[in-house]
Amino acid sequence: MINVVWFKRDLRVHDNEALTSAAKDGPVLPLYIYEPSLWEQEEMSFTKRAFLRVSLEELNLALKELGQGLIIKKGNAVDILDNLNKRHGIRGLYSHQETWNGWTYKRDLEVRRWLKSKGIRWHESRQNGVIRSLKDRNGWAKNWQSQMTVPLFKAPQTLDKVGEKTDKIDLFNNKLEHNLETQMLAKGGRKEGLSFLHNFLNIRGENYTKQMSSPLTAVDSCSLLSSHLAYGTVSIRETFQAAQSRKREIQSFEKLDRGNWPSALNSFLGRLRWHCHFIQKLEDEPRIEFENMHPVYDNLRSEKFNEDYFLAWKTGNTGYPMIDACMRSLIHTGWLNFRMRAMLVSFSSYHLWLHWRLPATYLASLFVDFEPGIHFSQMQMQSGTTGINSIRIYNPVKQSRDHDPDGIFIKKWVPELAHLAPSEIHEPWLRCRIKSYPVPIIQEKVARKKAADLLYGLRKNNTQHNKISKEIVNKHGSRKSGLRSRTVDKIKNHQSIKPTQLTFPV
Ligand SMILES: Cc1cc2nc3c(=O)[nH]c(=O)nc-3n(C[C@H](O)[C@H](O)[C@H](O)COP(=O)(O)OP(=O)(O)OC[C@H]3O[C@@H](n4cnc5c(N)ncnc54)[C@H](O)[C@@H]3O)c2cc1C
């Protein structure tokens, strides 16, 4: 009989508890299931398949070095496991606990039912700080910290050969996709992930805090690890431990020699916690993939969805240079920094007044790092439907002036404007009509004011708003210190709190 290690979003042999534990318990069949119906979902575009392909190739090589390469099967998970069970006999199934989207949740339920019917045990291990069946957020941050400091799991020294064939899958469709792959910022595979990590912690990251907001500087000063964390080519625990160790090294330097590293590393470590904090929200409340976190906002964007606005936004043709440059750059590279993601969503949700759900699917299809727990929580935060975060409507012209003053980023991605001077590029419509570039599809100030009035009006006038907000804080709010937050205490003591007083990771 064999143990099956089902690789899902942990495409590595190092710090992989499932693999290490299974190998201690007999022969191991390392399995990746390419599930066509998962990859047919709208969120799953080519760039993710390209990242997956490189990552699987490297995982296969790493496993081969241990003695047994990766077995890839294409099809439905239950059918594949059933077939393997008939031919080999499965003693145990080993994998990490997966919090992904509604599709993977349902699939896991089917797998669980099948395993139960066959009397096979599923050993699921935690690979991040997300807690299954969490009762209460109090103490969550402390738990996260201790999960991150667990010693890394060593890869097994050898794996016995198991006679099983791998399916051939072609993850490329056409030449166009090959071209797209060359422009992707993160291409996949553990080697790249480790090099990003090393490079960030030792060279690129020093000005992280100062430079993360501009799309010009973020590419060099952010870690670019998000896709690697999403596919598990690098584990969040080893990332945390590497950053902690670098922090200790910096602390050992003379104060003057520390440069900007202390604040950069603290910000980075904080964001690793946010990673799990946001996924925890989806784990605790899976409906937020589809529904507003705060139900009072359900009727807010109920008018007919404006397809023309949506198309202009999707293709980078809104007439607002910074919005269009960000969208076009994202389409080509598969990555965008946090502030510019937030600005794109703020524009679609507030200025264009589009419900967040379709833009969320579209952006998810572009982000190689699509991580449903982070993505849907952030989409809702930036659309004002959580009811617990301050409303932030980004002015795209201000963002453009602040973060790309000379128009370098804009010129790269919106070549129609390449001939404009820095004084003209942020608001080209003020200069003259440029034939090849659209005029703004909405008036920024007017649209922003309308959105703000509607949102603040709803917050103020709906008697249920604050009551429900408090429940949401209680369920999802972060308690940074790991102790109960003052906010939660206030709620328990029935003191009144205004939504703007609440602090959450942005
Ligand atoms: C609308 C919207 C959608 C988003 N969707 C995703 C998504 O699908 N997947 C994803 O990984 N991130 C998402 N983010 C968060 C953030 O933009 C990306 O994590 C970050 O830009 C990735 O680049 P990096 O790896 O260089 O990040 P760094 O700044 O180097 O941060 C290191 C890691 O910390 C985590 N992190 C950073 N910022 C955040 C944040 N605000 N919330 C939660 N975790 C964070 C990520 O895992 C990231 O890889 C989204 C943000 C917005 C506004």
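## Helix 13 against helix 18

Helix 13 (residues 261-284) and helix 18 (372-383) pack at an angle of about 85 degrees, their axes 7 Å apart. Helix 13 is therefore roughly perpendicular to helix 18. Angles of 65 to 115 degrees count as roughly perpendicular, under 35 as roughly parallel, over 145 as roughly antiparallel, and the rest as oblique. Axes are lines fitted to C-alpha atoms, for helices over the stretch in contact, and angles run from 0 to 180 degrees between N-to-C directions. Helices (H or I, at least four residues) and strands (E, at least two) are DSSP runs, numbered from the N terminus.

The model is predicted: local features need pLDDT of at least 70, side-chain atom pairs count only at pLDDT 80 or more, and totals for chains, interfaces and linings use all residues. Residues are numbered from 1 along each chain as its sequence is written.

Helix 13 contributes His-275, Phe-278, Ile-279, Lys-281, Leu-282 and Glu-283 to the contact. Helix 18 answers with Pro-372, Gly-373, Ile-374, Phe-376, Ser-377 and Gln-378. Two residues are in contact if their C-beta atoms, placed from the backbone, lie within 7 Å. By class, this contact has six nonpolar, four polar and two charged residues. Ala, Val, Leu, Ile, Met, Phe, Trp, Tyr, Cys and Pro count as nonpolar; Asp, Glu, Lys and Arg as charged; the others, Gly among them, as polar.

## Helix 15 against helix 19

Helix 15 (residues 321-333) packs on helix 19 (residues 396-403) at about 75 degrees, with the axes 8 Å apart. That angle makes helix 15 roughly perpendicular to helix 19. Pro-321, Met-322 and Ile-323 of helix 15 meet Pro-396, Gln-399 and Ser-400 of helix 19. The class count for this contact is four nonpolar, two polar and no charged residues.

## The loop at Ile-391

Ile-391 sits in the loop between helix 18 and helix 19. Ile-391 has 17 C-beta neighbours inside 10 Å, so it counts as partly exposed. A residue is buried with 20 or more other C-beta atoms within 10 Å of its own, exposed with 12 or fewer, and partly exposed in between; C-beta atoms are placed from the backbone.

Neighbours within four places in sequence aside, Ile-391 is in contact with Gly-384 and Leu-455. Ser-346 is 45 residues away from Ile-391 in sequence, and their C-alpha atoms are 9.6 Å apart.

Five strands form an open sheet in the order 3-2-1-4-5, with parallel pairing. Two strands pair if DSSP finds at least two bridges between them. Strand 3 (71-74) and strand 5 (121-125) are the edges, each pairing on one side only. Neighbouring strands are turned by 30 degrees against each other on average, direction ignored.

Strand 1 (residues 2-7) runs parallel to strand 2 (residues 28-34), joined by five bridges. Asn-3 has Val-28 as its bridge partner in strand 2. Trp-6 stands opposite Leu-31 of strand 2. Four bridges join strand 1 to strand 4 (residues 90-96), also in parallel. There the partner of Val-5 is Tyr-94. Strand 2 and strand 3 pair in the parallel sense over four bridges, and Tyr-34 has Lys-74 of strand 3 as its bridge partner.

Six of the six residues in strand 1 are buried. Ile-2, Val-4 and Trp-6 lie on one side of strand 1, with Asn-3, Val-5 and Phe-7 on the other; both faces are covered. Strand 3 has a covered face, Ile-71 and Lys-73, and an uncovered one, Ile-72 and Lys-74.

The buried residues of helix 6 (residues 140-148) are Trp-140, Trp-144 and Met-148. Seen down the helix axis, they fall within an arc of 75 degrees, so they line one face of helix 6. The arc is that of the directions from the helix axis to the C-beta atoms. Their cover includes helix 12 (236-251) and helix 13.

Arg-112 lies in helix 5 (residues 102-118). Arg-112 is partly exposed, with 14 other C-beta atoms within 10 Å. The C-alpha atoms of Arg-112 and Val-78 are separated by 9.2 Å, the two residues being 34 apart along the chain.
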